[in-house]
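Thanks for coming. I will go through one structure today, strand by strand, and then turn to a few residues and a pocket.

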Amino acid sequence: MLDAKNAFSGFSVDDIGKAKDFYGRVLGMEVAEANGMLNLSIGGGKSVLVYPKGEGHVPATYTMLNFPVDDIDATVDELTGKGVAFERYPDTDEKGINRGKASGQGPDIAWFTDPAGNIISVLQD
């Protein structure tokens, strides 16, 4: 019925130029632009489509991209140095990291948003 091997994911932003700079320069991802949209290269040779929505854009209210990392503290420090502001929730420390691994409540994880307000995480299991 559906050809899952060719399926892909996507999300909207309100400014393609800001998104291209953020995902490419700040996060260091491979970003291709075509037809006013972006393709972000992710693991396994797959890509994620980023499309403009302008005034109708509503940021994702859930974590829409997750980046596993080897050292969450070093990654948070590096991204903070690049101007990324980490979200502060009741169960996060002064860096914005939820230390779930120490309490047996899942991986250590920290959340931040892209310029359009979409939620992204870095996590270390």
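**Strands, selected residues and a pocket**

I start with a pair of residues: W111 has S121 in β8 as its bridge partner. The model is predicted, so to be clear on terms: local features need pLDDT of at least 70, side-chain atom pairs count only at pLDDT 80 or more, and totals for chains, interfaces and linings use all residues. Residues are numbered from 1 along each chain as its sequence is written, and side-chain values use heavy atoms, with hydrogens and water left out.

Helices (H or I, at least four residues) and strands (E, at least two) are DSSP runs, numbered from the N terminus. Two strands pair if DSSP finds at least two bridges between them.

Back to β8. Strands β7 and β8 are antiparallel and are joined by six bridges. They make a hairpin with five residues between the two strands, and in the turn G117 has a positive phi of about 95 degrees. On its other pairing, β7 runs antiparallel to β6 over three bridges, with N98 standing opposite I109 in β7.

How many of the six residues of β7 are buried? Five of the six residues of β7 (residues 108–113) are buried, so this strand is largely enclosed by the rest of the structure. Buried here means under 20% relative accessible area, exposed means over 50%, and partly exposed is in between, with a 1.4 Å probe and protein chains only.

Now the open sheet. Four strands form it in the order β1-β4-β3-β2, with mixed pairing. Its edge strands are β1 (9–13) and β2 (31–34), each of which pairs on one side only. On average, neighbouring strands of this sheet are turned by 25 degrees against each other, direction ignored; axes are lines fitted to C-alpha atoms, for helices over the stretch in contact, and angles run from 0 to 180 degrees between N-to-C directions.

Taking the pairs one at a time, β1 and β4 (residues 47–52) are parallel over five bridges, and G10 stands opposite L49 in β4. Strands β3 and β4 run antiparallel and are joined by four bridges, with L40 opposite V48 in β4. They too form a hairpin with five residues between them, and G44 in that turn has a positive phi of about 70 degrees. Finally, β2 and β3 (residues 37–41) pair in the antiparallel sense over four bridges; E33 has L38 in β3 as its bridge partner.

The loop between β2 and β3 holds N35. N35 is not a glycine, yet has a positive phi of about 55 degrees. Its relative accessibility is 74%, so N35 counts as exposed.

Next, two buried residues. T92 sits in the loop between α2 (72–81) and β6 (97–99), and counts as buried because its relative accessibility is 16%. A polar atom of the T92 side chain lies 2.8 Å from the backbone oxygen of Y89. For contacts, meaning heavy atoms within 4.5 Å, and leaving aside neighbours within four places in sequence, T92 has E87, I97, N98 and W111.

At 19% relative accessibility, Q124 counts as buried. Which backbone atom does the side chain of Q124 reach at 2.6 Å? That atom is the backbone nitrogen of I72. The Q124 side chain also reaches the backbone oxygen of D70, at 3.4 Å. Not counting residues up to four places away in sequence, Q124 touches V69, D70, D71, I72, P107 and D108. Q124 and T75 are 49 residues apart along the chain, and their C-alpha atoms are separated by 10.0 Å.

T75 comes up again in the largest pocket, where the lining residues include T75, V69, F112 and V122. The volume of the largest pocket is about 190 Å³. A pocket, on a 1 Å grid over the protein atoms alone, is an open set of points where a 1.4 Å probe fits, with protein on both sides within 12 Å along at least five of seven lines; lining residues have an atom within 4 Å of a point. Both β5 (63–68) and α2 supply at least two lining residues each, and α2 gives the most, with three.

That is the end of my part; I will take questions.

Terms used: Polar contact = N/O pair within 3.5 Å; in protein donor to acceptor, adjacent residues only side chain to side chain. Points joined across faces, edges and corners; volume = space filled by probe spheres on them.
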